[in-house]
Structure formats: C-alpha cells, structure tokens
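I opened my notebook to look up how this chain is put together.

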Amino acid sequence: IICSHATIAINHNYCRPFFDKKNDLELVNSRHAVVERLLPINNEFIGNDLIFKNKKRHLAIITGPNMSGKSTYLRQVGIIVLLAQIGSYVPAEKCNLGIVDQLFTRVGASDNLAGGESTFLVEMNEAANILNNATKNSLIILDEIGRGTSTFDGLSIAWAITEYIHNNISIKARTLFATHYHELIFLADKLKGAFNLNIDVKEFNDEIIFLRKIIEGGANKSYGIQVAKMAGLPNLIINRAKQLLKEFMKDKKQINKISSNEFKLLN
C-alpha cells in the first residue's frame, strides 16, 4: 500500500500534506485524483483552492451552473482529506489541515422504496445523521439540500440547516455546501464564519462556457435552460422555458420587494 502511494505521488505530482492543531484547511491548486486521470489527453484538469480558517471562515456556500464542476470540487476535497489521513501524498500543490475526526457527506439522490422511504426522506435522514453527530473537528460536504420538496419548503430547510451548522457551538464544522438556492448567498453577510464561492462561467450568444474555476462570491443564476439545450431538449421546449422563466423572475422580484418592505417595517 505504501509503495503504491509513493508511486502514484511521484507519477502524478502529488504533494506532502502538513497537519496542525487548528481546524484550518488550506488547499492550493487541488485536483480530483480520479477525474484528472480520466480526462482526454488534450484536456487539462483545472485545479482549485480552498481556505478554511478555524472559526473565522469555516462554512462555504457554493453556487453556480449545473455541470460546471461543483460536485467534482466537493468530492476532491473529501478525497484529499481522506488520502492525507491514511498517510498518502495528495493531488495538490499545497495541503495544510487540522485532523478531521469524521467526514460526513450528503450527496446524490437515492431512495429506499422497499422501506417506505422516498428520496426526500432519505435526504433528510442523512442530514439528520450529520447534524446529530458532527463535531467542530468534522468535515461536512453537502451537495444540495431540500430539492425533493416544494421550492419554499426546500429553501427554508436549507437555510435553517446552514444557520444551525454555523451557530451551534458543538458543531461549527468545516462545511462545503453546494446549492442552487441563490437566496442562501445572503447568509454570508449574516453569518461571520460563512463565505460564498462560485464556479466561473462565460456567456457567449446564449451559450455557456464552463471555466471550471472556483472564485470568491455568489452566482446569481444556474443556467439550467442552457444545460437542457446542451442535452438536446427540443427547441420548442427551450423557447417556452425561457418565456416562463422571465415571468417567474418577475413574480420573484415582486415577492422579494414585498418581503424586503415587510422586513423594514418589522425593524
């Protein structure tokens, strides 16, 4: 096993991780150990950074388009932490971390129909397990929370879970939370240890170009219709979806305006 670790580290340019007694996690130009080996020869894996600083910066809210690389980013962080703690070098230019006592993930979508559990119930079971067992030394990876129910139900649950992880003194764990609920980016202004990340994209003639680069700040849309077009949905559906999106966004702006005025009155 150790010889295999050494061979892979030399062949694929891994670095030696360093450990400290803080709950920090610093990665420079980190990569996904599996995905980078499966890319075509003419495609280069785009490395990304991550900085957690104990209680000052420990909860990342990650937004951005479908297919842009959010899930890859989440998983590569988890894999790097696991590799480091079993004695392996890691796919990055630099890796400093405090010991992780437990690695929790809530990713993908699955059900347990034979046991009477829907996809959403399984998602909530997994979330409950994390919230009931995580500590300040844990690493939590959440890839969407609340998508199996109505929009406002899901947003409310995701918002409350984010606040709970941040505010509960027995948790305050290092957390990566990828979401399509763009409303959550405002939590970074409310919660001292929270910050926003998003995956950079470029728009050109109603097309999107994925740059695969994590940058600071929140995204304001998910480009779902463009991704649906890439998948081959009929143009009739794409055009109708664009019309509907404009109408829904008008209603959303009106709701946000009303909510904002009500908040001012309450204060």
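I started with a rule: two strands pair if DSSP finds at least two bridges between them. Strands (E, at least two residues) and helices (H or I, at least four) are DSSP runs, numbered from the N terminus. I noted that this is a predicted model, where local features need pLDDT of at least 70, side-chain atom pairs count only at pLDDT 80 or more, and totals for chains, interfaces and linings use all residues. Residues are numbered from 1 along each chain as its sequence is written, and side-chain values use heavy atoms, with hydrogens and water left out.

**Entry: the sheet**

I looked up β7 and β8 and found a parallel pairing over five bridges. β6 and β7 also run parallel, joined by four bridges. I then traced I140. Its bridge partner in β8 is T175, and I140 is itself the partner of F104. D143 has A178 of β8 as its bridge partner.

Next I read the strand order. The open sheet has six strands, β6-β7-β8-β4-β9-β10, with mixed pairing. β6 (103-106) and β10 (207-216) are the edge strands, each pairing on one side only. On average, neighbouring strands are turned by 15° against each other, direction ignored. For angles, axes are lines fitted to C-alpha atoms, for helices over the stretch in contact, and the angles run from 0 to 180 degrees between N-to-C directions.

**Entry: helices on the sheet**

I checked α4 (residues 119-133). It packs on the sheet and touches β6 and β7, at about 155° to the direction of β6. α5 (residues 151-167) lies across β4, β7, β8 and β9 and runs at about 155° to β4.

Is β7 buried or exposed? Five of its five residues are buried, so β7 is largely enclosed by the rest of the structure. Buried means under 20% relative accessible area, exposed over 50%, and partly exposed in between (1.4 Å probe, protein chains only). From β7, L139, I141 and D143 point one way, while I140 and L142 point the other way.

T63 sits in strand β4. T63 is buried, with a relative accessible area of 0%. Contact means heavy atoms within 4.5 Å. Beyond its neighbours within four places in sequence, T63 is in contact with residues including K70, H182, L197 and G218.

**Entry: the cores**

A nonpolar core is a set of buried Ala, Val, Leu, Ile, Met, Phe, Trp, Tyr and Cys residues joined through side-chain atoms within 4.5 Å. The largest one holds 27 residues, and L25, L50, F52, I62, V90, L176 and L197 touch the most other members. Elements that each supply at least two residues include β2 (25-30), β3 (48-52) and α3 (70-85). Which element gives the most? α3 does, with seven residues.

Leaving aside neighbours within four places in sequence, its contacts include L50, F52, I62 and Y73. Another core lies apart, with 22 residues, among them F104 and F177.

**Entry: the cavity**

On a 1 Å grid over the protein atoms alone, a cavity is a set of points where a 1.4 Å probe fits but cannot get out; lining residues have an atom within 4 Å of a point. Grid points are joined across faces, edges and corners, and a volume is the space filled by probe spheres set on the points. I found one cavity of 30 Å³ or more in the whole structure. Its lining is A127, I130, L131, L142, I145, I161 and I165. α4 gives the most to this lining, with three residues.

Methods: 1 Å grid on protein atoms, 1.4 Å probe; cavity = no way out; pocket = protein on both sides within 12 Å on 5 of 7 lines; lining within 4 Å.
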